[in-house]
Amino acid sequence: GRVVLKRVLVLIDSRHGIKPVDREIMKMLDQAAVSYQLVLTKGDKIKPTALAAMREAVTAEARKFVAAYPDVLATSSDTGEGIAELRAAVVAAAQ
């Protein structure tokens, strides 16, 4: 119920997808009416086709949750892929 909390970022390991503990957090955020966005991490650790498939699967799963932001981001701290998009999403959410 914190008004200053604009959006929570839920980090998901792209090698494993959404785990039961992630679903519990998502349910908790839904119940608290807190907007959140899923971010796939370690995108460089799997093949690009597997990452694209994982992103689609996570997006489909996120649609089942009311408070989930519809755009799932994929990032890699090693290669820097997706970091600019993540920064832009943070800035957009803060406005």
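This is a predicted model: local features need pLDDT of at least 70, side-chain atom pairs count only at pLDDT 80 or more; totals for chains, interfaces and linings use all residues.

Author: Happy to! Let's begin with a pair of strands: strand 1 and strand 2 run parallel and are joined by six bridges.

Together with helix 1, strand 1 and strand 2 form a right-handed β-α-β unit. From strand 2 the chain then crosses through helix 2 (residues 48–62) to strand 3, again as a right-handed β-α-β crossover. Strand 2 and strand 3 (residues 73–74) pair in the parallel sense, over two bridges; leucine 40 has alanine 74 as its bridge partner in strand 3.

Six of the six residues in strand 2 (residues 36–41) are buried. In a regular strand, side chains alternate between the two faces of the sheet. Here both faces are covered, with Tyr36, Leu38 and Leu40 buried on one side and Gln37, Val39 and Thr41 buried on the other.

Serine 14 counts as buried because its relative accessibility is 1%, against a cut-off of under 20%. Its side chain reaches the backbone oxygen of threonine 41 at 2.8 Å, and a polar atom of that side chain lies 3.0 Å from the backbone oxygen of lysine 42. Beyond its neighbours within four places in sequence, serine 14 is in contact with residues including Leu40, Gly43, Ile46, Leu51 and Met54.

Note on methods: Residues are numbered from 1 along each chain as its sequence is written. Side-chain values use heavy atoms; hydrogens and water are left out. Buried means under 20% relative accessible area, exposed over 50%, partly exposed in between (1.4 Å probe, protein chains only). A polar contact is a pair of N or O atoms within 3.5 Å; within protein, one must be able to donate a hydrogen and the other to accept it, and residues adjacent in sequence count only if both atoms are side-chain atoms. Contact means heavy atoms within 4.5 Å. Helices (H or I, at least four residues) and strands (E, at least two) are DSSP runs, numbered from the N terminus. Two strands pair if DSSP finds at least two bridges between them. A crossover is right-handed if, with the strands pointing away from the viewer, the path from the first strand over the helix to the second runs clockwise.
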